[in-house]
Amino acid sequence: MHDLTIALDAMGGDFGPQVSVPAAQQALNLFPQLHLILVGNLAEIDPLIQQYHLLQHPRLRLIHASENVAMNDKPLLALRGLKDSSMRVALNLVKSGDAQACVSSGNTGALMALSKTILKVLPGIDRPALITALPNIQGGHTYLLDLGANISCDADTLFQFALMGSVLSEKVEGQAFPKIALLNVGEEETKGNDQVRRAAQLLSACSQINYTGFIEGHDLFSGKADVIVADGFVGNVTLKTCEGLAKLFKQQLISSINQNWFTRCVGFLLKPSLKPQLAHMNPDLYNGASLIGLRGIVIKSHGSAQSKAFLNAIKAAIKEIERQVPAQITDKLEAVLLERDS
């Protein structure tokens with residue numbers, strides 16, 4: 001890994017520097033070639049920098065930003081009113097080339113609006129989409145997009161999502177010709193709304209994309225698809241449902257183990273086997289959704305993320321930088337357009 005630089009919106013999310021600073025320390029310890037730029041209110045950041053012994057760190061740079069985008073601020077305020085927000089400054093560092101990626105736990109709508117305005121979308125891409133990896137029963141990952149950046153989408157936009165997801169799965173996960181599916185209410189060709197059925201036709205006609213058909217919610221973790229495409233409304237509800245189900249399963253398992261002395265003994269004996277499985281289901285492990293489709297790399301962390309989860313978002317940014325995902329998307333789109341014109 002060559003030297004790389006990531007800008008962190010230190011003030012974003014529910015906890016701001018309380019999360020971003022310790023995550024920065026962990027990332028710098030794990031990746032010797034990593035340089036970080038912490039952007040935010042230095043009056044709040046400096047005490048934590050001293051607490052985590054980062055004051056003179058040679059690979060850490062601090063940039064003051066006098067404003068912060070609150071989690072309930074409207075995107076228009078972030079665009080027009082908060083000219084010195086930590087989110088905007090971090091994104092401008094990517095635009096100028098001083099950083100190769102931005103990671104933020106901040107307001108999703110504001111991050112989307114600022115990213116589109118500052119970094120612009122890739123040629124041939126109409127809208128960026130939020131995409132993240134989910135575990136599947138085959139031991140790999142399945143990518144899901146869009147996760148809420150675009151509430152409603154037409155067929156062409158869903159097609160673009162499929163293309164971008166295909167590139168990310170191929171380059172980050174090493175999947176050769178990833179299997180692409182559309183999330184739908186049934187697997188039959190006649191099921192679904194007009195947008196989904198039309199997107200299916202576009203994908204079926206494209207040899208550059210390995211489209212395998214519709215997939216239902218119960219196959220989300222089956223590994224039947226490497227990338228699952230939906231509009232932002234469906235994708236966001238699906239993701240939040242999965243996170244809630246994982247928490248419910250974990251809580252019920254712990255409650256069952258603690259019922260009596262016998263179940264506690266059994267739980268103790270099974271702990272070496274159960275611990276890695278429960279860890280595999282922890283949503284924090286998959287924190288870090290890429291705002292894919294931009295002329296730069298932007299990773300959205302959960303607003304409620306703790307330092308370990310924020311660290312995983314930084315790791316996601318590193319993977320995308322190493323594999324130059326935006327450039328790969330452009331190359332793939334050019335191949336698709338050549339096929340359509342021929």
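Two strands are said to pair if DSSP finds at least two bridges between them. Helices (H or I, at least four residues) and strands (E, at least two) are DSSP runs, numbered from the N terminus. By this criterion β10 and β11 pair in the antiparallel sense over 2 bridges. This is a predicted model, in which local features need pLDDT of at least 70 and side-chain atom pairs count only at pLDDT 80 or more, while totals for chains, interfaces and linings use all residues. Residues are numbered from 1 along each chain as its sequence is written, and side-chain values use heavy atoms, with hydrogens and water left out.

An open sheet of 11 strands has the order β3-β2-β1-β4-β11-β10-β5-β6-β9-β7-β8, with mixed pairing. Since β3 (60-64) and β8 (210-215) stand at the edges and each has a single partner strand, one side of each is left without a neighbour in the sheet. On average, neighbouring strands of this sheet are turned by 25° against each other, direction ignored; for such angles, axes are lines fitted to C-alpha atoms, for helices over the stretch in contact, and angles run from 0 to 180 degrees between N-to-C directions.

Strand β2 (residues 34-40) pairs with β3 in the parallel sense over 5 bridges, and Gly-40 has His-64 in β3 as its bridge partner. Strand β1 (residues 4-9) runs parallel to β4 and is joined to β4 by 4 bridges; here Asp-9 is partnered by Ser-104. On to strand β11 (residues 297-300), β4 again pairs in the parallel sense over 4 bridges, and Ser-104 stands opposite Lys-300.

In the hairpin of β10 and β11, 4 residues lie between the strands, and Gly-293 takes a positive phi near 110°.

Helices are laid over these strands. Helix α5 (residues 108-118) lies across β4, β5 (129-135), β10 (289-292) and β11, running at about 175° to β11. Helix α10 (residues 307-323) lies across β1, β2, β4, β10 and β11, at about 140° to β1. Contact means heavy atoms within 4.5 Å.

Helix α5 also packs against helix α4 (residues 86-96), at an angle of about 35° and with the axes 10 Å apart. The crossing of α4 and α5 is right-handed; a crossing is right-handed if the near helix is turned clockwise from the far one by less than a right angle, and left-handed if anticlockwise. Met-87, Arg-88, Leu-91, Asn-92 and Lys-95 in α4 meet Ala-110, Leu-111, Leu-114, Ser-115 and Ile-118 in α5. Helix α4 is largely enclosed by the rest of the structure, because 8 of its 11 residues are buried; Arg-88 and Leu-93 are among them. After α4 comes Gly-97, whose phi is positive, near 90°.

Val-196, Ala-199, Ala-200, Leu-202 and Leu-203 are buried. Seen down the axis of α7, its buried residues fall within an arc of 165°, so they line one face of the helix; the arc is that of the directions from the helix axis to the C-beta atoms. The face turned away from this buried side carries the exposed residues Asp-194 and Ser-204.

Finally, helix α8 (residues 232-257) contains Cys-242. Cys-242 counts as buried because its relative accessibility is 15%. Residues up to four places away in sequence aside, Cys-242 touches Leu-220 and Phe-221. The C-alpha atoms of Cys-242 and Leu-134 are separated by 9.4 Å, although these residues are 108 residues apart along the chain.

How values were computed. Buried < 20%, exposed > 50% of the residue type's maximum accessible area, 1.4 Å probe, protein only.
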